[in-house]
Amino acid sequence: MTRYELAGDKRITVAAIIAEVAMVVVCVLLGDAIIEYIHNLPPQMPVAKFFAPIQSPIASHAPLMVCIIVFLVLQYIIAALEMIVRFRDDQRGFTLPIVFIPGGILIRTILMAVLELLVIVFKLLIYFVSVLLSFIFQILHISKILGTGHIVDAADQTLEPVEILVNKLYNLLYFHKIHANSSVFTSVFNCSLSFWSINH
């Protein structure tokens, strides 16, 4: 079996889905274990005081060290799967190996989520304001010269270079690549290896 046949194998997609679902569960358990560990610290410590009001909804807590080990094992499984499935697409490029740093997969995901969210919130805010203004103009029977379509167009033109930069950053951080000249939603829907694998 060639690497291209292996990359296109449906079992790899199923493995990616299982690994990512397991990663979400482990992240929740890891967060809970960290909160429990902090609660067991001496009360006079600043960290313990800061996290004192935070209570975990999980009744029984998994051991912190076990959660860390399982998290790291899953991280490297996902990294290996990501390196295999990248051969489904002809697009190639340099990738920062951040995913091989312990916790790198989480750092990468959080970084992309924050950047994508900033762009999306701004876009949605512009769209919402334009719809609201359009509605007000219709109620007041104001001339269509004051239409709001140009606001949306201007926002899209202004944000297009930013969206391309976000997509380029995605390609720099992920082994499986996307087309950088598309909308920011391309990186949003492909951050999950499972979604990327299903779409390719």
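These are my notebook entries on a predicted model of a single chain.

**Entry 1: overall make-up**

I began with the secondary structure and found 8 helices and 0 strands in the chain, so that reading along the sequence gives the pattern α-α-α-α-α-α-α-α. I then looked up burial and noted that buried residues make up 34% of the 200 residues. Turning to contacts between residues at least 6 apart in sequence, I found that 68% of them join residues at least 24 apart.

**Entry 2: helix H4**

I looked next at helix H4, residues 64-85, and checked its length against expectation: at 1.5 Å a residue its 22 residues should span 32 Å, and the end C-alpha atoms are 31 Å apart, which agrees. I listed its buried residues as Cys 67, Phe 71, Leu 74, Gln 75, Ile 78, Ala 79, Leu 81, Glu 82 and Val 85. Seen down the axis of H4, these buried residues fall within an arc of 165 degrees, so they line one face of the helix. I set beside this the general point that an α-helix has 3.6 residues a turn, so residues three or four places apart point the same way. When I asked what covers the buried residues of H4, I found that the cover includes helix H1 (3-8), helix H2 (10-39), helix H5 (104-139) and helix H8 (193-199).

**Entry 3: helix H2 and Ala 33**

I made the length check for H2 as well: this helix has 30 residues and reaches 44 Å from its first C-alpha to its last, close to the 44 Å expected at 1.5 Å a residue. The buried residues of H2 that I wrote down are Ile 12, Thr 13, Ala 16, Ala 19, Glu 20, Met 23, Val 26, Leu 30, Asp 32, Ala 33, Ile 35 and Ile 38. I picked out Ala 33, which has 3% relative accessibility and therefore counts as buried. Leaving aside neighbours within four places in sequence, I found Ala 33 in contact with Ala 62, Pro 63, Leu 64 and Cys 67. Of these I followed up Cys 67, and noted that Ala 33 and Cys 67 are 34 residues apart in sequence but 7.6 Å apart in space, C-alpha to C-alpha. Cys 67 is also one of the buried residues of H4.

**Entry 4: salt bridges**

I searched the whole structure for salt bridges and found 3. In one of them the side chains of Arg 11 and Asp 9 meet at 2.7 Å, N to O. Asp 9 sits in the loop between H1 and H2, and, not counting residues up to four places away in sequence, Asp 9 touches Met 1 and Arg 88.

Another salt bridge joins the side chains of Glu 82 and Arg 108, at 3.0 Å, N to O. This pair links distant parts of the chain, with Glu 82 in helix H4 and Arg 108 in helix H5, 26 residues apart. Both Glu 82 and Arg 108 are buried.

I also recorded the salt bridge between the side chains of Lys 123 and Glu 163, at 3.2 Å, N to O. Lys 123 lies in helix H5 and Glu 163 in helix H6 (residues 149-173), so the pair ties together parts that are 40 residues apart in sequence. Here I found Lys 123 buried, with a relative accessible area of 9%, and Glu 163 likewise counted as buried at 6% relative accessibility.

I looked up Ser 192, which is found in the loop between helix H7 (184-190) and H8. At 18% relative accessibility, Ser 192 counts as buried, the cut-off being under 20%. I compared its position with that of Thr 109, and noted that Ser 192 and Thr 109 are 83 residues apart in sequence and 9.0 Å apart in space, C-alpha to C-alpha.

**Entry 5: a nonpolar surface patch**

Last, I looked at the surface for nonpolar side chains and found a patch formed by Leu 125, Phe 128, Val 129, Leu 132, Phe 135, Ile 136, Ile 139 and Leu 140, with about 760 Å² of accessible area together. I placed one of its members, Phe 135, in helix H5.

Notes: Residues numbered from 1 in each chain as written. Predicted model: local features only at pLDDT ≥ 70, side-chain atom pairs only at ≥ 80, totals over all residues. Heavy atoms only, no water. Helix = DSSP H or I, 4+ residues; strand = E, 2+ residues; numbered from the N terminus. Expected span 1.5 Å × (residues − 1). Buried < 20%, exposed > 50% of the residue type's maximum accessible area, 1.4 Å probe, protein only. Arc of directions from axis to C-beta. Contact = heavy atoms within 4.5 Å. Patch = residues over 30% accessible without salt bridge, like charges linked within 9 Å, V, L, I, M, F, W, Y side chains within 5 Å. Areas by Shrake-Rupley, 256 points an atom, 1.4 Å probe, with all protein chains shown as cover. Salt bridge = Lys/Arg side-chain N within 4 Å of Asp/Glu carboxyl O.
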